[in-house]
Amino acid sequence: MIFLIFFLQLVVTPDLQKTPVFKPQTIDSTITIGYGIALGDVDGDKKPDILLADKKQIVWYRNGDWKKFVMAENLTEYDNVCIAAEDIDRDGKVEVAVGAQWNPSETKDEKKSGSVHFLIRPKDPTTEWKSVKLYHEVTIHRMRWVRSSDGSYYLLVLPLHGKDNTNGTGTPVNLLVFKYPQLLKKAESEHIISTNMHLTHNFDITDSRQAPIVIAGKEGLSVSQRVFKDLHLVTLPMRGFEGAGEVRLPRSGTEKFITTIEPMHGNKLVVYSDEGQTRLVLDTSLSEGHALAAADLLGTGSSQIVAGWRRPNKDGKVGVKIYSKKTAASTDWDNQWIDENGMACEDLQVLDMNGDKRLDIVASGRATHNLKIYWNMTPSAR
């Protein structure tokens with residue numbers, strides 16, 4: 001029933017024809033991998049900053065001069081892999097959690113794979129933050145702060161593999177749920193929920209508290225309401241589904257579709273509607289697609305999709321593209337380059353970074369070792 005409610009007909013406005021205009025700015029050309037990006041106000045100046053989980057450092061870049069500050073370094077033996085930032089206590093400054101000890105081939109020994117940390121803010125946020133280690137399972141991979149239907153905040157943490165898995169078979173992946181602020185005193189998770197899948201990669205949820213959680217994995221999409229007491233996930237078969245690595249819901253509360261990159265680290269950008277039975281492939285030219293967003297960047301009243309990939313495709317190019325629906329009634333989508341061959345995209349996020357009511361794109365590049373903002377200069381994109 002959850003799924004039926006979620007997949008309603010896509011609602012769009014008739015006038016969807018706009019040419020995207022984005023101006024790139026390189027913030028850092030010396031990052032190592034750029035595993036994960038989060039956006040939020042770190043220093044309380046009412047301007048969103050960029051937070052980055054890089055290989056061995058957790059850093060933030062101050063909005064305006066974009067000066068880099070190291071929050072934590074060498075948390076674990078292996079790499080950092082993910083980051084989540086959200087102003088939970090409404091003081092105008094984000095709370096930050098990170099995932100580290102990234103060792104995806106180790107699914108048995110919890111000491112050698114996976115870790116979850118909450119970072120304690122110092123008086124001066126430009127100095128080092130204290131790390132509190134929480135409960136974890138092997139291959140911790142993605143995390144998000146989520147507001148529940150009762151108004152409480154939770155940290156959701158998703159591993160890549162289930163414990164003791166071999167080649168994606170064995171124990172299903174557990175979604176770990178930590179309640180804030182209880183996690184500061186109790187390292188154990190509040191809930192441990194099976195996803196019913198054996199290999200997962202990413203998950204998403206919109207700002208609306210009634211929206212479902214959607215998890216993408218090898219076997220399908222797991223969907224659940226955002227009520228963590230007696231929470232259960234339902235794995236849904238999708239028509240034509242090939243397994244997915246990335247999944248995103250549109251940020252608008254009126255549009256009801258899911259976009260994915262298939263298969264995991266795959267070449268296809270896909271949109272699902274009509275209760276998952278309508279599958280539209282928008283692009284097959286990606287290579288190791290690894291970044292995805294769905295939001296109205298062009299001010300048309302309808303969401304566009306932004307996708308990035310990190311390995312050269314058949315044309316020898318990496319990059320970021322934006323995909324726009326041509327008309328309300330059409331199933332055709334146009335696509336344009338945001339960055340042609342200058343961004344081997346590992347992750348991307350969208351947010352209005354300068355207060356002009358236009359959504360900008362922030363992306364990190366793995367092989368290109370860069371962090372960029374693509375400033376949205378599209379006329380009347382507001």
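Two strands count as paired if DSSP finds at least two bridges between them.

**Figure 1. Whole chain of the predicted model.** The protein chain contains one helix and 28 strands. Its C-alpha atoms fill a box of roughly 50 × 45 × 45 Å along the principal axes. A compact globule of 382 residues would have a radius of gyration near 21 Å, and the 19 Å of the protein chain agrees with this. Of the 382 residues, 58% count as buried. Among contacts with a separation of 6 or more, 51% come from residues 24 or more positions apart. The accessible surface of the protein chain is about 15400 Å², and carbon and sulfur atoms contribute 48% of that area.

**Figure 2. The open sheet β1-β28-β27-β26.** Four strands form this sheet in the order given, and their pairing is antiparallel. β1 (22–28) and β26 (345–351) are the edge strands; each has a single partner strand, so one side of each lacks a neighbour in the sheet. From one strand to the next, the twist averages 20 degrees. Six bridges link β1 with strand β28 (residues 371–376) in the antiparallel sense. Within β28, W375 is the residue that stands opposite K23.

**Figure 3. The open sheet β18-β19-β20-β21.** This sheet also has four strands with antiparallel pairing. β18 (246–248) and β21 (278–283) are at the edges, each pairing on one side only. The twist averages 25 degrees from one strand to the next. Strand β20 (residues 268–273) pairs with β21 over five bridges, in the antiparallel sense. T278 in β21 stands opposite S273.

**Figure 4. Cysteines C82 and C345, neither in a disulfide.** The structure holds zero disulfides. For C82, the nearest cysteine sulfur is that of C345, 17 Å away. A disulfide requires the two sulfur atoms to lie within 2.5 Å. For C345, in turn, the nearest cysteine sulfur is that of C82, at 17 Å. C82 has a relative accessible area of 3% and is buried. C345 is buried too, with a relative accessibility of 0%. The threshold for buried is under 20% relative accessible area.

**Figure 5. The cis peptide bond between Y180 and P181.** Omega of this bond is about 5 degrees. P181 lies in the loop between β12 (174–180) and β13 (191–194).

**Figure 6. The cis peptide bond from E262 to P263.** Here omega is near -20 degrees. The loop that holds P263 runs between β19 (258–262) and β20.

**Figure 7. W66, a residue other than glycine with positive phi.** Phi of W66 is near 55 degrees. W66 is found in the loop between β4 (57–61) and β5 (68–73). Its relative accessibility is 9%, so W66 counts as buried.

**Figure 8. N74, which is not a glycine but has a positive phi.** The phi value of N74 is about 55 degrees. N74 is located in the loop between β5 and β6 (82–86).

Methods: Residues are numbered from 1 along each chain as its sequence is written. This is a predicted model: local features need pLDDT of at least 70, side-chain atom pairs count only at pLDDT 80 or more; totals for chains, interfaces and linings use all residues. Side-chain values use heavy atoms; hydrogens and water are left out. Helices (H or I, at least four residues) and strands (E, at least two) are DSSP runs, numbered from the N terminus. Axes are lines fitted to C-alpha atoms, for helices over the stretch in contact, and angles run from 0 to 180 degrees between N-to-C directions. Buried means under 20% relative accessible area, exposed over 50%, partly exposed in between (1.4 Å probe, protein chains only). The radius of gyration is taken over C-alpha atoms; the globule rule is 2.2 Å times the number of residues to the power 0.38. Contact means heavy atoms within 4.5 Å. Accessible areas come from the Shrake-Rupley method with a 1.4 Å probe; for residues, only the protein chains shown count as cover.
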